[in-house]
Amino acid sequence: MSALAAAPAILEAKGLSVRFGGLFALNALDLTVRRGEVLGLIGPNGSGKTTFFNVTSGIYPAAAGTIVLDGRDITREPAHALAGLGLARTFQRSRLCLPLSVFDNIALGAQERLPQGVIDNLLRRRTLTRTVAALAEEARDLARLFNPDLAQRLDEPAVALGMIDRRRVEICRALIGRPKILLLDEPSAGMTHDETNQLIDEILDVQRSRGDLTVIIVEHEMGLIERITDRCVVLNYGRKICEGHFREVAADPTVREAYLGHS
Amino acid sequence: MLMRHRSTQDEVPRDALPMAAGVRARRTSDFAVFAAVVAACAGAVAFLVHAEDQRLVLSTLVACGIAWFAAARFRVIAAVERGAAGHPWPTRLVLVAACLGILVVLREDNFGLLMLATVLIYATVCLGLTIQLGYAGLSNFCAAAFLGCGGYTAAALGQAEGIAIPDLAGILLGGAVAVAIGSLLVLPLLRTRGHYAALTTLAFGVMFNVFLDANEMLGGPQGLKLAPITLFGWDFSNDLSLFGMTFSFYANYVLLCLALTAAALALVGLLDRSWIGIRLDAVRLDEVAAQVFGLRIARWKILAFTLGNVLAGMAGAIYAKMTGFIAPNNFTLGDSLMMVSIVILGGIGNRWGVLPAALIVVLLPEKLQFIQEYRLLLFAVLVILVLVLSPSGLLPRRTRTLVAGRQA
């Protein structure tokens with residue numbers, strides 16, 4: 001913990017606000033994420049957790065404040081520029097391209113370093129075959145970390161996979177771009193308790209094997225948050241109401257009130 | 001942790017040699033099936049195009065329909081696909097042979113060859129639409145307008161006094177003009193989605209037509225005349241003499257259209273099996289996810305739109321030269337809808353599907369003259385019937401597999 005507390009900040013939000021009409025979905029949020037930590041972002045429904053992910057990944061514009069990723073101001077960067085800067089994410093509702101093969105889906109995450117030009121893609125077929133083989137090897141290795149069976153199913157359409165494997169593919173897609181920071185939006189959604197635990201174990205394994213990967217996770221299942229996170233930030237009505245280790249946060253009266261309401 | 005997954009590595013590997021031999025045998029038999037099906041299709045096409053007797057046409061059509069659904073039901077189509085995929089070069093050879101066979105059979109049938117060339121023109125435009133609609137998910141309900149751009153470019157070049165531009169350059173220029181005029185539509189197309197984008201293109205198509213009608217320089221509603229194509233010194237209005245056979249001059253156009261369609265098929269195929277193919281699919285299926293993983297949505301949409309319009313424009317220039325006369329009512333909203341329906345009927349995103357679909361859509365109304373006004377009704381019923389029986393079109397698109405599932 002102490003080593004983490006001393007680690008440099010990889011993501012820093014200052015005074016960050018997002019507005020939907022008259023509603024502040026995020027209200028002057030200050031948040032610092034340190035390199036290599038697993039940060040839990042929790043709070044009741046509508047408290048701004050996913051909004052934070054969406055503004056960080058460039059889907060929503062910020063009304064005020066700044067976001068700095070690894071020393072670079074990304075507040076005004078368009079969504080497509082962020083993958084190249086080391087940010088990857090998953091979505092609460094699985095957003096795989098279901099008719100496409102597992103490999104195609106994972107390859108989407110690596111597309112920053114794949115040939116972009118028309119000539120490279122259409123005419124330099126030998127190089128193309130080589131990049132396909134190299135990326136397939138990488139995708140297979142990554143999928144094997146989660147599930148050896150999945151590594152053998154790269155040619156199947158994503159729609160043929162069960163929920164847990166779809167989540168795994170989503171995380172593989174995010175990881176194959178070798179991000180510095182990974183935003184996980186409710187990885188447990190749509191899965192059973194056991195499946196969730198299994199997936200979280202796998203994510204932790206992967207995170208540990210990639211020393212400096214930083215993870216922010218939004219989750220409603222508190223047991224899971226307790227197991228996986230180094231630190232938690234609690235949001236309510238777009239504001240940070242508490243911050244600290246899960247046990248401290250869980251004991252905090254403001255947090256209890258936010259979840260349970262006035263008694 | 002490690003015990004959790006069933007390990008596939010522990011399974012006893014199946015004996016590699018006999019399996020490889022078995023796979024090879026199946027591939028060869030698949031290819032034989034493919035060749036037989038292509039031969040049968042070529043025969044049916046030649047017969048349908050040539051046949052005059054209405055009852056014969058109708059019964060052949062019914063037979064073809066039954067054969068098609070039987071083929072789909074008993075996985076003959078899947079075998080054909082496997083056979084073709086396993087032997088790329090023999091596949092191309094068989095296809096070329098089939099085309100030449102049809103050409104030889106129909107060599108003296110002017111009207112038949114004209115229709116065949118028209119089918120190929122439509123197929124080429126629809127291959128462009130496959131890139132736009134099938135891959136990138138761009139609505140385009142004004143494909144006929146881009147066909148018209150190419151056609152009117154060729155016509156205008158013919159009208160210009162004093163400058164002689166070779167016809168090959170004219171065809172390429174037709175593609176370029178379609179792209180240039182299409183670029184007017186890019187901005188509204190990038191800002192709209194779904195029904196709204198469809199409406200934008202629909203309005204553009206209508207606008208194009210109104211413009212042509214009003215423009216005196218482009219002949220107004222009377223249209224423009226064109227001289228036949230001369231390519232590398234060969235005048236396309238001459239009959240062809242090859243191997244002791246005489247081919248009607250329309251065979252020139254069929255060959256040229258075949259070359260264009262083949263090039264379009266190759267382009268679409270290469271595009272599909274490249275990183276760009278994956279990117280276009282991602283743009284169509286989920287713009288948000290595509291953006292988050294670094295895709296510039298606008299760039300890929302513009303690329304798809306441009307490639308599609310090049311094909312339409314080039315096809316249009318050839319089409320105008322072939323018919324020798326174009327007018328605004330060759331490029332109406334109805335024609336655009338026909339083209340979209342070809343893509344849907346063939347199976348959105350399957351490049352081979354546009355061939356049978358274009359054949360049905362172009363040929364049928366011509367062949368069913370005997371029911372006169374009702375022919376479009378019958379045609380519509382037929383399209384609905386096909387889509388009821390096979391909701392994803394005649395040849396549904398398969399999952400792209402750039403890598404094998406099981407490791408060798």
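Two strands count as paired if DSSP finds at least two bridges between them. The model described here is predicted.

**Sheet and hairpin in chain A**

By that criterion, chain A holds an open sheet of four strands in the order 2-1-4-5, with antiparallel pairing. Strand 2 (23-34) and strand 5 (72-73) of chain A are the edge strands; each has a single partner strand, so one side of each is left without a neighbour in the sheet.

Strand 9 and strand 10 of chain A form a hairpin with two residues between them. In the turn, A:Tyr237 has a positive phi of about 45 degrees.

**Chain A against chain B**

The contact between the chains draws 51 residues from chain A and 39 residues from chain B. Together the two chains bury about 4200 Å², and 62% of this area lies on carbon and sulfur atoms. A:His80, A:Leu122 and A:Gln152 supply 16% of the area that chain A buries against chain B, more than any other three residues.

Two salt bridges are found across this interface. A salt bridge joins the side chains of A:Arg95 and B:Asp286, at 2.8 Å from N to O. There are also 13 residue pairs in polar contact across the interface of chain A and chain B, with both residues at pLDDT 80 or more. The elements giving two or more residues to the side of chain A that touches chain B include helix 3 (79-82), helix 5 (118-122) and helix 9 (193-209) of chain A. Helix 6 of chain A gives the most to this side, with ten residues. By class, the side of chain A that touches chain B has 24 nonpolar, eleven polar and 16 charged residues.

**Two domains in chain B**

Chain B is divided into domain 1 (23-105) and domain 2 (109-389). The centres of these two domains, taken over C-alpha atoms, are 25 Å apart. In the contact between them, 17 residues of domain 1 of chain B meet 23 residues of domain 2 of chain B. The two domains bury about 1600 Å² between them, with 81% of it on carbon and sulfur atoms. B:Val49, B:Gln54 and B:Leu103 supply 38% of the area that domain 1 of chain B buries against domain 2 of chain B, more than any other three residues.

Zero salt bridges are found across this domain interface, and one residue pair is in polar contact, both residues at pLDDT 80 or more. Helix 1 (16-50), helix 2 (54-73) and helix 4 (88-105) of chain B each supply at least two residues of the side of domain 1 that touches domain 2. Helix 2 of chain B gives the most to that side, with six residues. By class, the side of domain 1 of chain B that touches domain 2 of chain B has 14 nonpolar, two polar and one charged residues.

| Interface | Buried area | Share on carbon and sulfur atoms |
|---|---|---|
| Chain A and chain B | about 4200 Å² | 62% |
| Domain 1 of chain B and domain 2 of chain B | about 1600 Å² | 81% |

Terms used
Residues numbered from 1 in each chain as written. Chains lettered and ligands numbered in written order. Predicted model: local features only at pLDDT ≥ 70, side-chain atom pairs only at ≥ 80, totals over all residues. Heavy atoms only, no water. Contact = heavy atoms within 4.5 Å. Buried area = accessible area lost by both parts, 1.4 Å probe. Salt bridge = Lys/Arg side-chain N within 4 Å of Asp/Glu carboxyl O. Polar contact = N/O pair within 3.5 Å; in protein donor to acceptor, adjacent residues only side chain to side chain. Nonpolar A, V, L, I, M, F, W, Y, C, P; charged D, E, K, R; others polar. Domains from an automatic or database assignment.
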